Amino acid sequence: MEKQEKQQKLSALPKVDLLVEHVERLWSGSSPRNVIADACRMAVDHARSQVLAGTGGAADFETVAQVALHYLERKERPSLTPVINATGVIVHTNLGRSPLPERVMPALEAVACGYSNLEYNLEAGRRGSRYSHVEAILCELTGAEAALVVNNNAAAVLICLETLARGREVVVSRGELVEIGGSFRIPDVMARSGAILREVGATNRTHLRDYEKAINENTALLMKVHQSNFSVVGFTSSVPMSELSSLAASRGLHVFEDLGSGTLVDFSRYGLSHEPTVQESLAAGADLVSFSGDKLLGGPQAGMIVGKREMVDRIKTNPLNRAVRIDKLTLVALEQILRLYRDPKSAVGEIPVLSMMTSPFEAEKRRARRLAARLRKLSPPGIDVSVCGTVARAGGGALPLLEIESAGVAVGPDAGNPAPGFSAARLEEMLRGGDPPLIARLERDRLILDVRTMRDSEFAVAAGAVASALAKISGQERT
Ligand SMILES: *Cc1c(COP(=O)(O)O)cnc(C)c1O
């Protein structure tokens with residue numbers, strides 16, 4: 001492009017103040033003027049750099065205004081928004097882990113939007129403890145003497161070790177030195193807590209005598225860690241909690257178990273593999289157990305610490321506790337969730353994570369048929385929509401080997417008459433960028449929507465989103 005032509009185009013770029021007035025009239029939302037001005041400036045800058053680079057087309061007033069509207073829309077869209085999880089991964093850490101039951105909302109809203117007795121003892125009329133709201137029920141459900149909740153289980157492990165073992169040794173099996181992801185690794189957390197890791201045994205086998213030999217005058221704790229996201233198979237052995245706790249007791253030591261996900265319900269009752277419950281760990285003699293609030297428990301992000309009163313009390317008064325303390329919104333949601341566990345049947349029925357885990361395959365197949373029927377009605381020709389078997393997962397680093405038989409809807413090209421230009425990868429990308437975003441799994445040239453992690457109320461929106469993405473793809477192909 002001629003230098004002169006560029007110059008001409010640059011001087012013809014819209015003036016920001018005129019653009020702001022125009023965009024303000026076009027914009028359906030109500031945004032502060034400085035936000036609109038910002039979007040307009042971005043649009044003009046964008047047009048200018050295109051002119052300078054000699055790329056891009058028209059930079060007339062109306063085109064730049066449309067670009068500004070686009071920026072404005074992006075600016076005003078909340079960053080953290082709901083998505084539809086069609087991956088079949090139930091506790092999906094990237095997608096917010098556990099969805100809460102609707103039933104917790106009234107309590108959450110009431111506490112969130114007003115004052116509460118968070119740290120106020122209403123009977124005594126003086127300062128109270130935020131932990132009081134869930135301590136009794138945690139003890140009731142798990143059989144523990146005392147309980148405490150903190151920000152998450154990573155914080156729980158850190159503060160337990162810092163309180164009970166700083167500067168002293170903690171004996172852990174080499175088979176349990178797990179990395180959870182997001183950089184949480186037992187050896188690293190141990191180092192940060194100031195405790196000294198004393199690894200024993202081998203990766204695949206650890207015996208009671210390994211622990212016995214490692215105990216010395218500087219030993220503070222014996223620790224067990226749930227393997228969570230991996231499994232050692234073959235020639236393996238580990239020491240059960242009952243034996244470890246007897247050993248600890250005979251040496252005047254304590255056992256701490258990081259149970260990872262932790263669960264209060266026995267999944268083997270629902271035809272799934274057995275996951276050790278918090279109650280079982282305590283009954284087998286663990287002095288202290290920590291577990292997550294938002295894994296298989298199905299609640300908000302939190303870290304539960306349950307066990308011996310004397311140990312829990314020491315943790316409560318650790319200054320670090322202030323740095324990892326639980327927020328009131330979390331606390332109110334957690335209390336509501338824990339109340340549901342008083343009746344395990346209602347917990348399984350009402351807590352989404354539990355109902356997704358335990359819903360029978362046949363029920364999911366029927367749901368998949370319903371979604372497929374909706375989608376078929378809306379799909380353009382050349383697209384095959386069919387019900388397929390899938391494998392859903394617990395996720396969240398729990399039950400890694402468990403394959404949950406599930407059902408989904410596969411969207412792919414019709415083998416006899418494939419829609420021109422169809423690409424499952426393109427479809428996946430469009431759905432991910434949609435409103436609401438829909439996250440699904442690619443399987444060769446098909447997109448799979450696993451219904452186990454979808455709510456019935458999301459079917460209509462999901463079907464509409466897939467159909468309009470398909471229409472766009474085939475529209476683009478035609479032009
Ligand atoms: C998941 C997990 C953690 C971390 O729990 P968060 O609640 O995610 O902080 C710690 N230890 C084990 C064994 C885990 O599985």
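In this predicted model, Thr390 sits in strand β14, which covers residues 383-395. Is Thr390 buried or exposed? With a relative accessible area of 8%, Thr390 counts as buried, because that value falls under the 20% cut-off.

Next comes a sheet. Seven strands make up an open sheet with mixed pairing, and they follow the order β5-β13-β12-β11-β10-β6-β9. The edges belong to β5 (146-150) and β9 (196-200); each has a single partner strand, so one side of each goes without a neighbour in the sheet. On average, neighbouring strands of this sheet are turned by 25° against each other, direction ignored. Strands of a sheet pair through backbone hydrogen bonds, either parallel or antiparallel. Here β6 (residues 169-173) and β9 run parallel and are joined by five bridges. In one of these pairings, Glu169 has Ile196 in β9 as its bridge partner.

Then there is the largest pocket, with a volume of about 1200 Å³. Its lining takes in 38 residues, and the closest to the centre are Arg97, Ser98, Pro99, Leu100 and Arg455. Strand β1 (84-86) supplies at least two residues of this lining, and so do each of the helices α5 (105-112), α14 (328-340), α16 (352-358) and α17 (361-378).

Notes. Residues are numbered from 1 along each chain as its sequence is written. This is a predicted model: local features need pLDDT of at least 70, side-chain atom pairs count only at pLDDT 80 or more; totals for chains, interfaces and linings use all residues. Side-chain values use heavy atoms; hydrogens and water are left out. Helices (H or I, at least four residues) and strands (E, at least two) are DSSP runs, numbered from the N terminus. Buried means under 20% relative accessible area, exposed over 50%, partly exposed in between (1.4 Å probe, protein chains only). Two strands pair if DSSP finds at least two bridges between them. Axes are lines fitted to C-alpha atoms, for helices over the stretch in contact, and angles run from 0 to 180 degrees between N-to-C directions. On a 1 Å grid over the protein atoms alone, a cavity is a set of points where a 1.4 Å probe fits but cannot get out, and a pocket is an open set with protein on both sides within 12 Å along at least five of seven lines; lining residues have an atom within 4 Å of a point. Grid points are joined across faces, edges and corners, and a volume is the space filled by probe spheres set on the points.
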